[in-house]
There are 2 protein chains.
Amino acid sequence: MSDLVQDKVAQAVQILQEKEVDLWLTFVRETMLAADPILPLIYGEGDLTWHSALLISRSGERIAIVGHYEAEAVQRLGAYTQVIPYHHGIGDVLRERIAALDPRQIAVNTSLSDPLADGLTHGMYRYLLNILADTPYANRLVPSEEIIHALVGRKTEGELARIRAAVEATEEIFIETFNFLRPGQSEREIAAFMQQRAAGRGLGLAWSAENCPAVNAGPDSPIGHSGPTDLRIQRGQILHFDFGVRKDGFCSDIQRVVYFLAEGESQPPPEVQRGFDVVVEAIQKAAQAMKPGLLGYEVDAIARRVVTQAGYEEYMYGTGHQLGRRAHDGGGMLGPLWERYGDSPKKPLEVGQVYTLEPGLMLPGRGYIGLEEDVVVTAHGAEFLSRPQQELICL
Amino acid sequence: MSDLVQDKVAQAVQILQEKEVDLWLTFVRETMLAADPILPLIYGEGDLTWHSALLISRSGERIAIVGHYEAEAVQRLGAYTQVIPYHHGIGDVLRERIAALDPRQIAVNTSLSDPLADGLTHGMYRYLLNILADTPYANRLVPSEEIIHALVGRKTEGELARIRAAVEATEEIFIETFNFLRPGQSEREIAAFMQQRAAGRGLGLAWSAENCPAVNAGPDSPIGHSGPTDLRIQRGQILHFDFGVRKDGFCSDIQRVVYFLAEGESQPPPEVQRGFDVVVEAIQKAAQAMKPGLLGYEVDAIARRVVTQAGYEEYMYGTGHQLGRRAHDGGGMLGPLWERYGDSPKKPLEVGQVYTLEPGLMLPGRGYIGLEEDVVVTAHGAEFLSRPQQELICL
């Protein structure tokens, strides 16, 4: 855990150099009550109770100013080169450290558009302005959004290892589930089985238990964010899953499909096979194209075109999102240039980012065919973290 | 759960009337990522994803403006008289609702001093100002601190029932622990036993697992926030516990002491019995004095005086704090007028507030004698929620 934090804090210094920002300040208190969402990356799971300042500078200084009784825990973390305990108030020491660093910009965690980069409360912002009153630094506050997006997006080796482990556990649970499946089971029964398997392994779920997994039995099941229903899977139908676990703080997010052969069938009907193949192809084409510098909407367009050119209706969501500590990590996404996605599809792919690829299509009378794979962007292109489903499982 | 929320939202209307504030606005987004700490009281455990506004007015209107796909969940809650779904942006409908209510004050969750009342991020504050630009309302924002303190402090029947249940479970675990105790056990072993008992009942801990319970074996154990050590309890020593559980979202916080009779002793030595009796008396005297309107520091002084007048060193912390969803709930406390407690000991006791009473004293060569009871303020005085320890348990 502390290795992870050490790596992220070191990475933050590189990002400040790249973005040409002199200082990044994360300013928090009573994090047990409400924590800045960036804190797990640069501080970990511990608490910071009194006013606490985490200062990371472009010149490589990493300073934590914390209540005296928490200083030892911060020291043990090994991520901060200077841990400064205080007894009465943080104001004097914080002002003095900032003056010593004399930054031209101080990035703080405030953002109109991204809650992940908006961890500074308005009360703490005012508190900071009071501390910096009568100094030149009160006018040098800038938003840390770009720093946070880069830091969250670019996974370190340690973070990737954890995502891989979450993906692997998810694939094992899928195999157990495929062995458990029988025609006539309800979405609810199947979902309960998968949740039990996750709990039995000591794993959390990647999103809300109400719809993790989503299980869609046949063509009448509502697709989207609603939870599993009492609908029962019938022969001749497609069963669709969307599932992820949280393991050591990191998530997976995977979709799979299974076809239940009708009486007398020894293989899926051609239209089912074709729909499946189109979704597989959309994922493979997008993954093959992915490389650092490509923009999110360019990747989206590749997968989307495979589906629409094959004559299917266009899916009404983005092809993929980032994945990490959260099933939907912030920053850039692989989406179309629709208004509701704002600027997020216009960001370039970067080495270390982990994306989902999840095109889909509806087959009337059969069900929803959606696959979702998890990939990491490397210097040489996308590498699959999941073992892509390329064969339609028939039961 | 939704009963609890309904009651709190109804109570908020009364508090607005009492405080003469026209409107209280809680303005949030992506609460899964970072939630305003007041949200469990007025919304519960569900998520609010898009920009969401909870408006509670002095005239009794309770309006929730939320993303369309979450409207049904808010409706089901039954706490809001109007649930307004939106599709594109919250700005127009929020501005229009506020204009219709035409409030002279809009309380928002921002506070320099209390993190519990500081749930509004700086980004969301700016977003709100943008929405209210060119209206008279941008200049009518006031802090909601007093509303939040009253709402958190004054427990409803449903909240009290949950705290009672947490206290009862804690007392049962203490009895199991007393039966488990043997001389020579380490603080760590004893703490692990208690945590297992809590987990076995499906209970959470009231504070961080590292020091919940605190277990202090004899005079050499460090008192305070450090966790259990490998120190072993010896005959002739005092064993001290500080423990609480979280049950259905509410906490207990109880201290108990046990004396291990030395070889040949059939009762505790007089100095141990006397120290115990003094702490019991301090709690009883404070509880007898407690009534609505008394100020926190007045209660503190009563318990503190019992200890110092008996010739013991003064304990260097407040006699009690509020208890509820958190082991340390915000608002007024029973503390001395020391600088570090600010104004919090100057607040009057109110009906429905739950306080701990936890005086203590150190007996050289024996250990720490600290008891902690939980009481609720009623119109007629304090009522014990815990069964006060009035006999020194000897093993």
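Copies are superposed here by least squares on the C-alpha atoms of residues with pLDDT of at least 70 in both. In this predicted model, chain A is superposed on chain B by a rotation of 180° with 0.1 Å of shift along its axis, and the RMSD is 0.1 Å. The two copies are therefore related as by a two-fold rotation axis, and the same surface serves both of them, since 100% of the contact residues of chain A recur in chain B.

**Domains of chain A**

- The domain assignment divides chain A into domain 1, covering 2–152, and domain 2, covering 154–394.
- Taken over C-alpha atoms, the centres of domain 1 and domain 2 of chain A are separated by 36 Å.

**Contact between the two domains**

- Domain 1 of chain A brings 13 residues to the contact, while domain 2 of chain A brings 11 residues.
- On the side of domain 1 that touches domain 2 in chain A, α1 (2–19) and α6 (145–153) each supply at least two residues, and α1(A) gives the most, with 5 residues.
- Sorted by class, that side of domain 1 of chain A has 6 nonpolar, 3 polar and 4 charged residues.

**The surroundings of A:His380**

- A:His380 lies in the loop of chain A that runs between β18 (373–378) and β19 (381–384).
- A:His380 counts as exposed because it has 9 C-beta neighbours inside 10 Å, and a residue is exposed if that number is 12 or fewer.
- From C-alpha to C-alpha, A:His380 and A:Val351 are 9.1 Å apart in space, although 29 residues apart in sequence.

Notes: Residues numbered from 1 in each chain as written. Chains lettered and ligands numbered in written order. Predicted model: local features only at pLDDT ≥ 70, side-chain atom pairs only at ≥ 80, totals over all residues. Helix = DSSP H or I, 4+ residues; strand = E, 2+ residues; numbered from the N terminus. Buried ≥ 20, exposed ≤ 12 C-beta atoms within 10 Å, placed from the backbone. Contact = placed C-beta atoms within 7 Å. Domains from an automatic or database assignment. Nonpolar A, V, L, I, M, F, W, Y, C, P; charged D, E, K, R; others polar.
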